[in-house]
Amino acid sequence: MADTKREIERKFEFSKAGEARPEMPDLAGTAAIAAVRDQGTVELDAVYYDTPDGRLAADGITLRRRTGGEDAGWHLKLPVSAGVRDEIGAEPGDTLPPSLASLVRSRVRGDALEPRVRLLTSRRVSHLLDADGAVLAELCADDVLAERDGATAAWTEVEVELADGTDPKLLDAVGKTFRKAGLRVSDAPSKLARALAETGFGEESRTGAGAAGGTGAAETAPADRPATAAVPDGTAAAHVLAYLREQRDALVAQDPAVRRGLPDSVHQMRVATRRLRSAFKTYRKVLDREVTDPLGEELRLLASELGVERDQEVLHKRIATHLDELPDTLVLGPAPARLRIWDAAAHADSRRRTLAHLDSERHLRLLDGIDALLADPPLRKAAIRPAENVLPQAVLRDYDRLADRLEGALAQSAGHERDLALHAARKAAKRARYAAEAAVPALGKPAKHLAKAVKTVQTLLGDHQDSVVARDALRALAAQADGAGESAFTWGLLHAREEALAQRYEEDLSDVWDKAASPRLRAALR
């Protein structure tokens, strides 16, 4: 079973090359540190694993198998922010535990993980204590020997890792004391990064498994397709490909977060999926649809699978919030308990579906396909034109598509068909918003203003669709309650409330759309 710990630390170097090594300062009296207690010395032997092209290291990820110390075993460290990593540990063993292997799958794909670096560390450990004797942080003075492919490097560093609940400002205070003593913050984010740098491992561009091992998106380009060896800056292709890389990286980075069940991770992964698919459609004059359409279909499937879990999260939160807002006198029967049971069953099923899809070979083929497209983009003639000449047309095309769908939906009578039409308009609003957001780096404020206006429309359409879905769920909950001999009154009351909310959303849409449809927004993009 894997254990997770949030690691907040800072590393310091004793000196630069050729400089005399300073003495370790006494930290007692620094900030809240009242005493420093020696914990002795431990000998650590760690082997770090990576793909042959160093894909994990390129993304700031470390995977090691360590002996010695209290936490011997496998450790995976995932970056959270500067100086903050999540360390996920598993028990010792000869092979990588499945719990950790799954968390690097989106990056490793089908490649082998090999021993890349060995670090032998002699660690002198001290605890930094407050006035009550509680541990504020752990101070480690490490003498490190790195071995890689016959090359070696040695250095000494100091590491201060905060205990749970300690104010991160303590690191600033410790850093100030260390600077006065001649120590400086380490340039390397981790021991592995320093070992690779000092043993001559050159920096390599991240190409991804598919691009590294595949032949590219197309082995032969059609006659009307420009060369892709070099994409000039400022062109539509350069802009679109940069955006696609951002979304690909987000898609890959969210994979372990979704597997770990981190808050909002499913939503963020689904957004990256949708943005990729929308970009393929929006910029079809830049990228060949013969290549992007199949990838778009796979992205649609991924978004659909993620949507089961995400939609359940949103739906449960909406119903639970509205239920909590009711006076106790209107909550008849075991309604809260029934809602919890219903959500637990639905969530367990959606979770299984999400993980099964991420574990599938189909998902790996999708990631490889996106990498291959980025390595050998299927560019069309418009791709090498200036971005400011190509992107506005693409954005306005999606904007006009939204206008047609929304105005058509609002012209219909209230009812099921109108609900379907408004849902279709919501999808068009997302695509128009993503198109405008993607164009902001090239088109600036006009695209930003349009994206903001369309987002307001999308939000209101989303609220309306959430109400439609909630009413279906409430009818199902009422039927379950009735079948169990419970009162269905509360579910009916919530259903009526959703009907009233949906009507209000529809009434507000006309006013919101009038602002989003301003001719000034459209003219500014031309």
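Predicted model: local features only at pLDDT ≥ 70, side-chain atom pairs only at ≥ 80, totals over all residues.

Modeller: A pocket here is an open set of points, on a 1 Å grid over the protein atoms alone, where a 1.4 Å probe fits, with protein on both sides within 12 Å along at least five of seven lines, and its lining residues have an atom within 4 Å of a point. Residues are numbered from 1 along each chain as its sequence is written, and side-chain values use heavy atoms, with hydrogens and water left out.

The largest pocket has 34 lining residues, and those nearest its centre are Arg270, Arg274, His423, Arg426 and Lys430. Its volume, taken as the space filled by probe spheres set on grid points that are joined across faces, edges and corners, is about 1,200 Å³. Among the helices (DSSP runs of H or I, at least four residues, numbered from the N terminus), α8 (265-282), α9 (289-325), α12 (387-410), α13 (416-443) and α14 (445-483) each give at least two residues to this lining, and α9 provides the largest share, with nine residues. By class, the lining comprises 19 charged residues (Asp, Glu, Lys and Arg), eight polar and seven nonpolar. As for confidence, the protein chain has an average pLDDT of 90, and 93% of the residues score at least 70.

Definitions and conventions. pLDDT = per-residue confidence, 0-100.
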